[in-house]
Amino acid sequence: MCGIVAYIGRRPARPILLEGLKRLEYRGYDSAGLAVFNGSIAIAKSAGRVSVLEQKVNGLGGFDGTIGIAHTRWATHGEPNDTNAHPHTDDVSKGHGIALIHNGIIENYGVLKQYLEEKGHTFNSDTDTEVLTHLIGELYDGDLEAAVQGALREVTGAYAIAVICNEQPDVLVVARKGSPLMVGVGKDEYIVASDSSAIVAHTTQAFTLDDYTVAKLTRDSFRTTTVDNVPLTPQIRELEFDLDQIELGRFSHYMEKEIHEQPDSLRRCLKGRTDTREGQVVLGGIAEYARDLVKARRIIFVGQGTALHASMVGEYLMEDLAKIPTEVEFASEFRYRNPILEDGTVVIAVSQSGETADTLAAITEAKQRGALTLGVVNVVGSTIARDTDAGVYLRVGPEIGVASTKAFIGQVMVTTLLATFIGRRRFLSADYVSQLLTSLEALPDHVEKALQLSEEIKDATSRYVERENWLFLGRGHNYPVALEGALKLKEISYIHAEGMPAAEMKHGPIALIDDGMPVVFVATKNSQYEKVISNIEEVRSRGGHVIAVATEGDNAIRKVAEEVFYVPDVPEPLQPMLTVVPLQMLAYHAAVLRGKDVDKPRNLAKSVTVE
Ligand code: M6R
């Protein structure tokens, strides 16, 4: 949902800003822009990708300064065109030469715009952001920091902003509420960005801004305050981030790379968390709350998209292993439907980015109602990670591809560990847990084996890739996997796909099945295998073509399925982390075969920081 980067220092700002934008492009990519002060503020903007902006700006003079701001946009208010691209400026005729970039939404922009128009301001764009620029301009009285603080006291909504001004060319002011923002601290320089990927090439020292914090940066000093000008002391920490993690290497796309990283992601996620000898799970992040978790009377998972699907697997696991009544809710629905949270309710937020606005709002609501909140989050130090009472990190490394892959199996792995951690303290014997953990530790090797199916899956996919409607079906623990397979296919290849419990098909969706329609079944050997086979027969007798994910050695399934992708046999509760892999590869190959932009699908952004 928009990426922002800003620089003040002694080096040329332009290459640092453009490089930063490329790192952040996964956050939004419908238009981009930058502003650099070089005697006066020069601005370049363009609809389209950062590469378009780069070509434009590299052919222009006036961008050689050492302070600047840059933005890559995911449109909310106003179509993606040059005018609506950021930076925005204050009133051209009576302004102070203020340029601003913004990630978030100014919710009360309507009334503010009316107020400013009555004061004689003229607006150029259709964005909510421009209102903030004019408001800062209206309040500016020779002190940019004070004007930003004053303006932010008037706005409602979410923002991460960076502001520069012709009249104070040695000052960069940044602020944040609800949208992420981090300040990298270098020698005589600061690099501000939506996340650390745009910072680590320059420095590993950084601090995260808290909500309602404003930072004033000059080349050799900074100060942070609240919007009411109360001084704050941020904690500077070492960023744990290896640049190799965000390079493509031998892969064509981040999604492909991240699918193939999954065995290692799982190994990292498991490291130090399993004590197979003692039959114990070790989760330092929640140890303090172990007693509350053991006594929990109800668990509610909240998340969106892929994180919701992982939560659905979590529901099965929690009830199976910990025997605690568990539900899953779209975070967006939970927040607004006045949920009843009795004593002993634990709300678990599942999120790769840790910044998803809906999930964050659900956690805020749960906390207000007295629930214990946990985060199952990938990005270290993200807002959800900080706003929950405790949590467990995924440790799967940065996920850049918009389509979530390694985060899904990380989320499922962490919920498995959580359920086992609680279950062991309630009903599970040390022997049972020992065996389960042994199976968990073997899982990365099984995933590695499943990845060898890639060419076979590509070949099979090519036979169906022209079909516009697909079904994904599964039962039990594999039902959320069917949902996830359908989501992957639709979001990157724009094929219409629906996922559902296999048994639900005959209650309506079976009407869709016509000659040759691809129907993907997760049909591994487990307690519901026979029932899935019956559902396969129902599809076949109506002309559908069956693509099955099956267990190695199941030769019988070849008689009822056109295509079979075999995965190793693992215990039923652990199957989702393996069965999802062929479906991720299927979606990836379908998108590539259809010539789509796999890592930057249309209309999407990696982290959804608006409601
Ligand atoms: O960062 P989060 O895990 O909170 O994101 C939630 C969803 O926006 C995300 O999973 C989305 O559905 C992915 N694009 C799916 O691939």
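**Sheets and ligand site of the predicted model**

An open sheet is formed by seven strands in the order E5-E6-E7-E8-E12-E13-E14, with antiparallel pairing. Its edge strands, each pairing on one side only, are E5 (88–89) and E14 (231–232). Strands are DSSP runs of E with at least two residues, helices are runs of H or I with at least four, and both are numbered from the N terminus. Two strands count as paired if DSSP finds at least two bridges between them. Strand E13 (residues 222–226) is joined to E14 by two bridges in the antiparallel sense, and threonine 224 stands opposite leucine 232 in E14.

The structure is a predicted model, in which local features need pLDDT of at least 70 and side-chain atom pairs count only at pLDDT 80 or more, whereas totals for chains, interfaces and linings use all residues. Residues are numbered from 1 along each chain as its sequence is written, and side-chain values use heavy atoms, with hydrogens and water left out.

A parallel arrangement is found around strand E26 (residues 545–551). Strand E25 (residues 518–522) runs parallel to E26 and is joined to it by five bridges; valine 520 has isoleucine 547 of E26 as its bridge partner. Together with helix H17 (residues 529–540), E25 and E26 make a right-handed β-α-β unit. Right-handed here means that, with the strands pointing away from the viewer, the path from the first strand over the helix to the second runs clockwise. Five bridges also pair E26 with strand E27 (residues 563–567) in the parallel sense, and the partner of isoleucine 547 in E27 is glutamate 563. Strand E26 is largely enclosed by the rest of the structure, because six of its seven residues are buried (under 20% relative accessible area, with a 1.4 Å probe and protein chains only).

The ligand has 14 residues around it, of which Ser351, Gln352, Ser353, Thr356 and Glu491 come nearest (a residue counts if one of its heavy atoms lies within 4 Å). By class, this shell holds four nonpolar, eight polar and two charged residues. Helix H9 (305–322) and helix H16 (479–493) each contribute at least two residues to the shell.

For glutamate 491, a polar side-chain atom is 2.4 Å from a ligand oxygen atom. The ligand taken alone exposes 410 Å², of which the protein buries 92% (Shrake-Rupley method, 1.4 Å probe).

Note on methods. Buried means under 20% relative accessible area, exposed over 50%, partly exposed in between (1.4 Å probe, protein chains only). A polar contact is a pair of N or O atoms within 3.5 Å; within protein, one must be able to donate a hydrogen and the other to accept it, and residues adjacent in sequence count only if both atoms are side-chain atoms. Ala, Val, Leu, Ile, Met, Phe, Trp, Tyr, Cys and Pro count as nonpolar, Asp, Glu, Lys and Arg as charged, and the others, Gly among them, as polar.
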